[in-house]
Amino acid sequence: MSKKIRVYGTVQGVGFRPFVYNLAIKYNLYGYVNNDSLGINIEVSGKTNDISIFLKELKNNPPPLAVIEDIKVENSNKQFFEFKIENSNSFDNKTTTIPSDIAICKDCIDDIFDKNNFRYNYSLTNCTNCGPRYSIIKTIPYDRKNTSLKDFPLCKKCQNEFENPTNRRYHAQAISCEECGPTTFLYDSKQTLIASKIDAINLASSYINDGKILAIKSMGGFHIVCDATNDKSIIKLREFKKRAIKPFAIMFKDINNLKNYAVYSNLEENILTSKERPIVLLEKKYNQNLSNFVAPNIKKIGCFLPNSALHYLLFINLPNPIIATSANLKGESIITTKEDIFLKLNNLVDFVLDYNREILNSCDDSIIQVVNEKIIKLRNSRGYAPSSLKIDTKFNKKILSLGANQKSTFSIAFDNKIITSLYLGDLDSISSIENYKKTVENFLSFYDFIPEIIVCDKHPKYESTKFAFELKDRNPNLKLVQIQHHYAHVLAVLAEKSINEDVLAFVFDGTGYGDDKNIWGGEVFIANKKDYKRAYHLKYFKLLGGEFAIKEPKRVALSLLFDNFTLEEILNLPLDFLNSFEKSEIKTLYTLWQKNLNSPLSSSFGRLFDAVCSLANILHIQEYEGQTGLYIENLYDKNIKELYSYEIINNSIDFSKMIKEILKEKDKKIVASKFINTVANIVLDISNRHKEMPIILCGGVFQNKTLVEILLKEFHKMNRKIYLGEKYSPNDESISLGQVYFQLQN
């Protein structure tokens, strides 16, 4: 009996061919395995029962890093007399998914600490089951010649492993050792090389212990690193990065060390120690030695564990956890070269720990939080992305969707597959826009992908929208489609969850260009894959000063007062938050409000969070997006069950009564708790008016853990079907997925 088998999915760079080889030997099968730009090809001959068991094990127990999307089997009449691994073939139509960067595995950790192993103390150790993939690849197939290791020929020892099908480094394209591969170097702030190899790492550790700030190259870019218990170092870091209070992520030596600093569940521990090794948001423990400047004013800390050999070697001599934050200037992309570190951060860093393996594709750390045993991604990047989604229907044209302006991503679609990029940051600077465009072009090159349709947001000022029109200008034959921002959010969940019915979708976020050209963000849609109806929305209010109102919540709060009181009444209100204005400033802003000058209308729940935060005198000017929501959540008291008044009038959610009630409160904790209860109740109230419909929660507001916990609990009691994005983030990262999915239906 003979069978021809094709395997699709993330099957390159994950040890699939040696896995198949050893499986075939185990079941006395003959034939071959190779890979090409479509996936894995296998042909086997042998006993019927042996082939049947082989296929079952192939499907159910693939290599740890493989993601099988489909397996097709057909009969063959060939007979073979040995089993061999063949070289890669090259097809014009490239469809296999580019693998993500994966944290170092336990076997490789054992290697770097084994004095008898030739990779002892080697900082770039990896194997088939771990290490860099996406960050080092130029194109597919994933072969060494197509990576940034092409100029590092293997030594005899590595070559023997590479050619041995029973070795876990068989055809591991990124393997190397100190003799044949890239290595690590330490430079001082004058760009003088002062040490290399393990000496460089040991010296770097001692400098961190001395309170120095270092730039350290990780898999997808540089981190800025310092002792997380050292106030002076962290203050300097904050001053330079103009990051007064935004929390920093902390890397801990191991899970046992982390126990002293944070509270985590079994699921959170599994995520922390997984092959993806994301940052996980955890509840902070008190009575520990972390600096108060790590995450001021909040109860959560972003925690992660070492993900490379370099990190493990660094921690040998580090008694304390370290801050490990992306190396970049505010609003720019993560830095990938030591030259840019010296150019842009020379006044900050005391030393640079570099290695001479080029990062071809930058990649930030992923961020996860767990809500009621559900995983919610706040940033989908290293370890998880690029993401692939197989759908039931085939696209009849090649589609490129370009996402939003904040938390940008893009997606490509062909055949029955959607591939979404990793998180690319906010398109707010020349550097970030250039990186976004470069990554799009690289991605298209990976797949030899020439789009026939481009999809983008309706916002005319989004850089992603401008880029869509730029591509259209280059090729007038391209069809260009624009999709409403919040409908794209809904479509992303419909795509991920394969939902084929009408849904009641709550889309709460900070901003999105509405069909009426106002700023939406408190939307309730009745929607399906083909269409949507705006069933309810937050009552419009004005954003005084436009973009300034996003950075200054006090402007939104003042606008809501203008909606409910006269100017004279406001000037006489005994409110602490009004002290953040000069009286003349209030009068000027009132004129803007009255005459509709630079005061666009908004229905945004994100901006309502801002206003409530300021009215309660919690925060008047925010440093980073979502800060007000985080602060309100931080003050939430689950023992407070009350909520504020609101009305739903002609499908508009009127919160005027709530604003007046908030003004009477003296306790910030009460305001925060009652407000979150109110938002949850609005969702439940509207849901009860449409009891027959499944519920979708999407948009950045549903990153609020407390709000989502309340809703999941209540919907569970009601036995309602509820969907949240899990593979993709609820924030604007999912927009490109929704955009491209719309084209499948239309």
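Ala215 is placed in strand β8 (residues 214-217). Helices (H or I, at least four residues) and strands (E, at least two) are DSSP runs, numbered from the N terminus. The model is a predicted one, in which local features need pLDDT of at least 70 and side-chain atom pairs count only at pLDDT 80 or more, while totals for chains, interfaces and linings use all residues. Residues are numbered from 1 along each chain as its sequence is written, and side-chain values use heavy atoms, with hydrogens and water left out.

Ala215 has a relative accessible area of 0% and is therefore buried. Buried means under 20% relative accessible area, exposed over 50%, and partly exposed in between (1.4 Å probe, protein chains only). Accessible areas come from the Shrake-Rupley method with a 1.4 Å probe; for residues, only the protein chains shown count as cover. From Ala215 to Lys299 the sequence separation is 84 residues, and the C-alpha to C-alpha distance is 27 Å. A second pair was computed for Lys377, a residue of strand β17. Its relative accessibility is 7%, so Lys377 counts as buried. Lys377 and Ser366 are 11 residues apart along the chain, and their C-alpha atoms are separated by 7.8 Å.

Salt bridges were examined next. Side chains of opposite charge can pair when their charged atoms come close. A salt bridge is a side-chain nitrogen of Lys or Arg within 4 Å of a carboxyl oxygen of Asp or Glu. The structure holds 36 of them. One of these joins Lys417 to Glu69, with the closest N and O atoms 3.2 Å apart. This pair links distant parts of the chain. Lys417 lies in strand β21 (residues 417-420), Glu69 lies in strand β4 (residues 67-76), and 348 residues separate the two. Lys417 is buried, at a relative accessible area of 6%. Glu69 also counts as buried, at 18% relative accessibility.

A salt bridge also connects the side chains of Lys407 and Glu625 (2.9 Å, N to O). Lys407 is in the loop between β19 (399-401) and β20 (411-414), and Glu625 is in the loop between α18 (605-615) and α19 (627-634), so the pair ties together parts that are 218 residues apart in sequence. Lys407 counts as buried at 17% relative accessibility. Glu625 is partly exposed, with a relative accessible area of 48%.

Arg474 counts as exposed at 51% relative accessibility, whereas Glu470 is partly exposed at 29%. Elsewhere, a network of salt bridges links Asp111, Arg119, Glu161, Arg168 and Arg169.

Lysine residues also gather at the surface. Lys242, Lys246, Lys330 and Lys551 form a patch of positive charge there. Patches are made of residues with over 30% relative accessible area and no salt bridge; like charges are joined within 9 Å, and nonpolar side chains (Val, Leu, Ile, Met, Phe, Trp, Tyr) within 5 Å. Lys and Arg count as positive and Asp and Glu as negative, while His and the chain ends are not counted. The place of a charge is taken as NZ of Lys, CZ of Arg, CG of Asp or CD of Glu. Within this patch, Lys246 sits in the loop between α6 (231-241) and β10 (249-251). Lys246 is partly exposed, with a relative accessible area of 34%.

Arg555 is placed in helix α15 (residues 553-564). At 12% relative accessibility, Arg555 counts as buried. A polar atom of the Arg555 side chain lies 3.2 Å from the backbone oxygen of Leu544.

Backbone geometry was also considered. The peptide bond from Ala385 to Pro386 is cis, with omega near 0 degrees. Pro386 lies in the loop between β17 (374-379) and β18 (387-390). Lys197 has a phi near 55 degrees, a positive value in a residue other than glycine. Lys197 lies in helix α5 (residues 197-209) and is partly exposed at 40% relative accessibility. Asn719 is not a glycine, yet its phi is positive, at about 55 degrees. Asn719 is in the loop between α22 (705-717) and β32 (722-724). With a relative accessible area of 70%, Asn719 is exposed.

Key
A polar contact is a pair of N or O atoms within 3.5 Å; within protein, one must be able to donate a hydrogen and the other to accept it, and residues adjacent in sequence count only if both atoms are side-chain atoms.
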